[in-house]
Amino acid sequence: GIAGRIRAALGDTTAAALAVALITGDRSGIPPEVTEALRTAGLAHILAISGLHMALFAGSVFFVLRALLALSSRLTQDWPIDVWAAGAALAAAAFYLAISGGSIATQRAFVMIALVLAGRLFGRRALTLRNAGVAMLLILAVTPESLVDPGFQMSFAAVIALIAAYEEMTRRRVAANRGPPKRDDGAPVFGLVGSLASWFGAILLTSLIAGAATGAIGAYHFHRIAPLGPLVNLVAMPVVTIAVMPFAVLALALIPFGLEALPLAV
C-alpha cells in the first residue's frame with residue numbers, strides 16, 4: 001500500500017522506484033541499468049536498508065519529538081522527555097523494520113539502534129563492540145544460516161570495523177586533550193568551516209573504513225570492486241543524510257493525511 005501511494009505521487013519513474021526501495025525495501029522496480037550504475041559507483045549500499053537508514057529514520061523521530069516537547073519548559077522540567085522521545089524512536093524503528101522486509105542488515109541495524117536508545121535511557125555507551133556481538137548472536141540464534149549470507153558478512157564487517165576505528169580515535173583524542181584547556185580565538189565563521197570540514201572528513205573516513213572492511217567480501221561474492229566509492233560517497237552521503245532520508249520519514253508520516261507528494265518530490 002505504501003509503495004502504491006509513492007508511485008501514485010511520483011509516477012512510473014526511476015525516482016519512484018528508488019523511493020519505494022528506500023522506504024519499503026522493495027527494489028524490484030529499479031531498472032537493472034540503474035542498479036548496475038549504483039554498484040559501479042560504490043553506492044549500492046544506499047539501497048540496502050541498514051544502519052544509515054535506521055539511524056536517520058529513528059533519529060529523525062527522536063530529535064524532532066524531543067525538540068517539540070522541549071518547547072514547553074514545564075514538560076522539560078517535570079517529565080522525562082528523553083524517555084518519551086526514545087520510546088517513540090524505538091517504535092518508529094520497529095515499524096520501519098516491519099515494512100522494510102527485515103533483511104539481515106536491517107535486523108542488525110534494528111538491534112543496534114534499540115541498544116543505542118536503551119543506552120540513551122540508562123546513560124550507557126551504546127555503540128560498542130560488545131553490542132555488535134549481542135546483535136550478531138541474536139540474529140544467529142534465530143537464523144544461523146545467515147552466517148554465510150553476503151549481507152550478514154558485509155554488514156557486520158562494516159559496523160565492527162567502524163566501531164573499532166572510532167573507539168581508537170576517541171581514545172587518542174581524549175589522551176591528546178588531557179591538560180589545560182586550549183584557548184579558542186577563532187571567529188565563528190572559521191568554526192563553521194572547521195565543523196563542515198570535520199563532517200566531510202568523517203564521511204570520507206567512514207567510507208574508506210567500511211570499504212576496506214567489506215571490499216574483500218564483496219569481491220569474493222560479487223566479483224567486483226568500486227575504487228571510486230569513497231569519493232562518490234563524499235558527494236552522495238550529505239545529500240542522503242540531509243535531504244533524502246529525513247524527507248522520506250516525513251513522507252511516510254504524511255501518507256495517512258494524503259500530503260506525501262511534496263516531501264516525496266524532494
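In this predicted model, threonine 214 is buried, because its relative accessible area of 14% falls under the 20% cut-off. Threonine 214 belongs to helix H10, which runs over residues 188–222. Beyond residues up to four places away in sequence, threonine 214 touches Met154, Ala157 and Ala158.

Several residues of H4 are buried, namely His53, Met54, Leu56, Phe57, Ala58, Gly59, Phe62 and Leu69. The cover over these buried residues includes helix H2 (14–24), helix H5 (73–78), helix H6 (81–99), helix H7 (104–122) and helix H11 (229–254).

In soluble globular proteins, nonpolar side chains tend to be buried together. Here, the largest nonpolar core holds 42 residues, and Ile23, Ile46, Met54 and Tyr96 have the most contacts inside it. At least two residues of this core come from each of helix H1 (2–10), H2, helix H3 (32–41), H4, H6, H7 and H11. The biggest contribution is that of H11, which gives eight residues. Isoleucine 46, one of the residues with the most contacts inside this core, is in contact with Leu22, His53, Ala236, Met237 and Val240 when its neighbours within four places in sequence are left aside. Another core, of 10 residues, lies apart from the largest one, and its members include Ala132, Ile139, Phe152 and Ile163.

Notes. Residues numbered from 1 in each chain as written. Predicted model: local features only at pLDDT ≥ 70, side-chain atom pairs only at ≥ 80, totals over all residues. Heavy atoms only, no water. Helix = DSSP H or I, 4+ residues; strand = E, 2+ residues; numbered from the N terminus. Buried < 20%, exposed > 50% of the residue type's maximum accessible area, 1.4 Å probe, protein only. Contact = heavy atoms within 4.5 Å. Core = buried A, V, L, I, M, F, W, Y, C linked by side-chain atoms within 4.5 Å.
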